[in-house]
Amino acid sequence: MTLHRPVLRAVGLTKRFGSVVANDDVSLDVAAGELHCLFGENGAGKSTLSAMLHGELQPDAGHIEVDGRRTDFRSPADAIAEGIGMVHQHFVLARALTVIENIVAGTSRSGWRLGLTEARERLSRLCGDLGIAIELDAPLWQLSVGEQQWVEILKALYLDARVLILDEPTAVLTPQESGKLFGMIGKMRDRGLAVVIVTHKLREVLQADTITVLRRGRKVGTLDGRDATVESLTRLMIGGDLASSPARSSNSPGRVAVQATGLMAKGSWGETIVDDVSLMVRSGEIFGIAGVAGNGQKPLLEMLAGIREPESGSLLIGDRQLEGLSAADFMRAGVGIIPEDRYAEGLVGPFSIAENIILGRHRSKDLCRGLFIAGDRVVAKAEEAMRRYSIAAPAINTPVSRLSGGNAQKVVLARELDQASVLLLANQPTRGLDIGVVATVHEELRRKRDEGVAVILVSEDIDDLFDLCDRIGVMFAGRIVGIVSPETTSRDIVGSMMVGRAPAGGATCA
Amino acid sequence: MRIITRSGPSVTWSIAVYGAAAVVGLLMTIVLISISGAPVGASLVALGQGAAGSPASIASSVVKATPLILTGLATCVTYRAGLWTVGQESQVVAGAAAAWQMSLWTTGMAPVVVIVLCVLAALAGGAALGALVAWFRTRFGISEIVSSMMLNYIVFFALAWLISGPWMASGGTASYQQTGLLERAYWLPNIVDVGKMHIGVVLALIVVIWLQVLLKRMPLGYEIRAMGFNATALSQRGVDKRRLVLTVMVISGVIAALAGVGEVFGVSHRLTGDNLSGMGFDGIIIALIGGLSPLGTLVAGLFFGALHNGSLFMNVITGVPTALVTAIQGVVLILFLIAGAVRRYRIERA
C-alpha cells in the first residue's frame, strides 16, 4: 500500500438500496499527496461509494476514518468539517452570482458578514498556487464549463479540504481543459492534498498513483498506478476481455440522405445559436459532430428532427423539402432521434416500457384497432424490443423511471432505431452509460449505417467519434468550423478546433 | 430521516391506508358534530337516512351527485394532462347561461327540439370558455391557472348582470335575482319517476365510462397522460401540443357545461345567482379524492352527493349546520392526499 498514513480510510463499507447491494464490503485507503482513482463501469458502485465518503449517503455497515479517527458523517456538512470536499459532475453553482460570491456563499463562520476582503486574499493565493487565472468578480454565467469547474474546486479548497473528491471531472471538458485540470490536480497533490477522482476513462486512470477498481459493487482490486496497464484495468473492470472495435465502414456511401443549407437558429434572447450551417450526409455514412456542449449541436439536431423551426435555411431529407414542417412530418420521412437527455426529452418516466416504445407511433395503423390502441399489438412490439435489445426489466409494464440509465437508453434505442429509416440523429447516445451498453449503442449505430441509413452522431468524446465516424464536422460557436476525415487528422487538431482555434497548417495526418 | 419511494405499493397496503383515512375521516366528522352541540348518534342516523334511507332519498343523492361527478370529470381530464385549470366553476355557468339563452330563442318550438338545442348550446358555451383558456395559454403563454381563475369572476358578474337585467323575472327584487321558471315542457325528462332523476344522470354515467375508456385505451387519452408527465418528450415525438391543449380544454368545458344545463333544466328550472356556485370547486376536490380517475371520481362524487343530501335531513332533525359537509369534504381531501403519500413513500430513520 502507500507509505503515508492514510488521511481518509473506508473500512468495509456496505450500502443497500432495497434488494440491490450497491456497495459490498468496500475498503480503501487514501493517503495525503496521492491521486487516487475510483475506476469501474457505470453501475459498479463508484457514485455510491463517493457519496458515502462525503456524507451524502450513510453506510449500512462499515465506517469511515479520517486521520485514524472514526467518524460518523450524517450529512455532507459533517464531511466538509472533516476536510472532505466534493466536486459533483453537475456543478452546484448559482449562475447569477459572481465567482467569489459562489465560493463564499454559505461558508461564513462569522455570522452575517460575507467577509469578502479576507476571502479575496485567500482565493488569490489559492489561484496562484494552482496556477489558474480567474476573474473573481465575473458573474458565473460568463465562465466556460472548465472555469466553472475551477470555481467548484476553489470552493472546496476554500473550506480547507484535505481530501478532494471529483466525480467524472472530465465528462464535460475539452481535451485541453482536461489537460489543464490534471495539471491543477498535480499541483494539489504536491501540496499534500489527497485527490480522489471517479472515472471510467482509461486514459485518466493511468495517471493515478493508486487505482481502486470496482465491479458490481465490490472492490476487485487495488493497483499501483505504475503497474497498471490498459489491458489489466479493462480485464479487472469488466471481468474479461473486450472484443476490439471493428473498423469504419468499408462500403461506399450511397445517395444524399440529408442536405441542409444555411440553417440558422436563434436562442430565447434572440442570440444566434446556429449560424449558417450547411451539411450533406449520404446514406450509409456516419457523420460525427464534435464540439463542447453548448456550441449549437443541440439546436442543430433539433432542426434536423423538425423539433425546432429554423429561422432560415433549407432542409432536404430523403427526397422531400421539410423545412417549416412539423416533427410528425419528419418522423414520416424516416427521421429518428436519440436525444441528449433521455429522461427529459426521450421518455415519459411514469409510463411503462411498452407505452414508451409506442410514443409517437401510438396512432399508427399497425398499433391501433379502430378507435383503440391495440393492447396485444403493443405488448408484442414491446416484448420483441425487450428481447432484441436485451432490456433488463421485470416486465413490459415496468415504468421506465425505475430502469437503470442503460436500460432506459435501450428503450429509446428500440423506438428510434425502428423509426429511423432514412436518418438517425444521436446526441451523446452513450453519455453516462456503462461500457457494455456503450458497445451495444455503437454496434447499433454501425448496423444502421450498414443498412443504408445516414447517421449523425453528436459527441464530446473524440475517441468515440474517431472510432465510428466517416467524417467529422467540428462545431464551435454555432458554426461548423471544419469537416475533417478521421483517417487523416489527429485528435489534437479536432480538440483545438473545438475551442475555436483553426488547425495550424491545415489537417495533418494522425 | 429520509423519504423513500416504495417500490410497487401492494394492494393490501393501499386498502389499509385508504381504510385508515376513511376511519379517521369518520372520527373527525363525529368530533365536528359534537362540537356543533347536536347528539352524535341521532345526527349520524339522520345523515344516513337522509342520504340513503329510502328510494326517494337515494334518487335525491344521485341527483345531487351528478353535477359534482361531471365537474370532477372535467377536472380529471385537464389535471391528467397537466393543465391546472380552476375554471370548472365558470364553465358550468357558461353552459347553463348559453342553454338559457337558447331556450329564449326557441320558445314555442317542439320540446324535443328545444331541449336538444339547449343542450348543444350549453356544450358550445362550455367549449368556448375552455378554448379561450387554451388560446391564452398556447398563443400568449398565460398560465391556465390565472386565466381560468380570472374568467370565473368575469362569468360570475356577467351572470349577475343577466339575471338582474335582461333575464330578470318579473317580481324579482334587488336582493334576490333570478330568471323566471322554465316552461314545464322544456324540463329535462326524468328517467324514472322518482324525485328529479333527470336524464342528465345517465349522461354523467356515459361520460364516466367514455372518459375511463378514453384515458386507458384510446390514442387521445394516451397523449393526455403523456402530456401530463412529460410534454417535451411528447411534442418531440410529433404530437402537436397546442392542438392537444385546445382539445383537452374543450373536452373539459363541454363536460362541465353538462353539469350546468343539467342543474338548470333538470333540477332548479331557473337560473339564480347561487344555485350553481361552488360546483366547479367541489368538482376539483372530488376529482382529487377520486385519484383523478373517472371511476374514482364517480365513487367520490356519489359519496359527497349523498353527504350533501343527507346533511339537509340531518339539519332538519338535529340542527347540525349543512356547512358540515363542506368541512368534511376538506377533511377527507386532506386525509386522502396524506394517504396517497403514505401509500407511495415511507420514512426511514437513518
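**Reasoning through the contacts and sheets of a predicted model**

Q: How many salt bridges does a search of the whole structure find over all chains?
A: The search gives 32 salt bridges over all chains. Please keep in mind that the model is predicted.

Q: Why is the pair A:Lys15 and A:Asp60 called a salt bridge?
A: The closest N and O atoms of A:Lys15 and A:Asp60 are 3.8 Å apart. The cut-off is 4 Å between a side-chain nitrogen of Lys or Arg and a carboxyl oxygen of Asp or Glu, so the pair qualifies.

Q: What makes this pair a link between distant parts of the chain?
A: A:Lys15 sits in strand β1 of chain A, while A:Asp60 is in the loop between α1 and β4 of chain A, and the two are 45 residues apart.

Q: How do you know that B:Arg237 forms a salt bridge with A:Glu416?
A: Here the closest N and O atoms are 2.7 Å apart. Across the interface of chain A and chain B, the rule finds three salt bridges. There are also 10 residue pairs in polar contact across this interface, with both residues at pLDDT 80 or more.

Q: Which elements give two or more residues to the side of chain A that touches chain B?
A: They are α10 (327-332), β16 (335-338), α11 (342-346), β18 (372-373) and α14 (405-419) of chain A. With four residues, α11(A) provides the largest share of that side. Sorted by class, the side has 19 nonpolar, six polar and nine charged residues.

Q: What area do chain A and chain B bury between them, and from how many residues does the contact come?
A: They bury about 2,300 Å², of which 57% is on carbon and sulfur atoms. The contact takes 34 residues from chain A and 24 residues from chain B. In chain A, the residues that lose the most area to chain B are A:Phe351, A:His362 and A:Phe372, together 20% of what that side buries.

Q: What makes β2 and β5 of chain A edge strands?
A: The open sheet in question has four strands in the order β2-β1-β4-β5 (chain A), with antiparallel pairing. Both β2 (20-31) and β5 (69-71) of chain A pair on one side only. On average, neighbouring strands of this sheet are turned by 25° against each other, direction ignored.

Q: How do you know that β1 and β2 of chain A pair?
A: Eight bridges join β1 (residues 6-17) of chain A to β2(A), and the two run antiparallel. Pairing needs at least two bridges, so these strands pass. Within β2(A), A:Val21 is the residue opposite A:Arg16. Helix α1 (residues 46-53) of chain A lies across β1, β2 and β4 (61-66) of chain A, at about 120° to β1(A).

Q: What makes β19 and β20 of chain A a pair?
A: Strands β19 (residues 423-427) and β20 (residues 454-459) of chain A share five bridges in the parallel sense. At least two are required, and therefore they count as paired. A:Leu425 has A:Ile456 in β20(A) as its bridge partner.

Methods: Residues are numbered from 1 along each chain as its sequence is written. Chains are lettered from A and ligands numbered from 1 in the order in which they are written. This is a predicted model: local features need pLDDT of at least 70, side-chain atom pairs count only at pLDDT 80 or more; totals for chains, interfaces and linings use all residues. Side-chain values use heavy atoms; hydrogens and water are left out. Contact means heavy atoms within 4.5 Å. Buried area is the accessible area (1.4 Å probe) that two parts lose on being put together, summed over both. A polar contact is a pair of N or O atoms within 3.5 Å; within protein, one must be able to donate a hydrogen and the other to accept it, and residues adjacent in sequence count only if both atoms are side-chain atoms. Ala, Val, Leu, Ile, Met, Phe, Trp, Tyr, Cys and Pro count as nonpolar, Asp, Glu, Lys and Arg as charged, and the others, Gly among them, as polar. Axes are lines fitted to C-alpha atoms, for helices over the stretch in contact, and angles run from 0 to 180 degrees between N-to-C directions.
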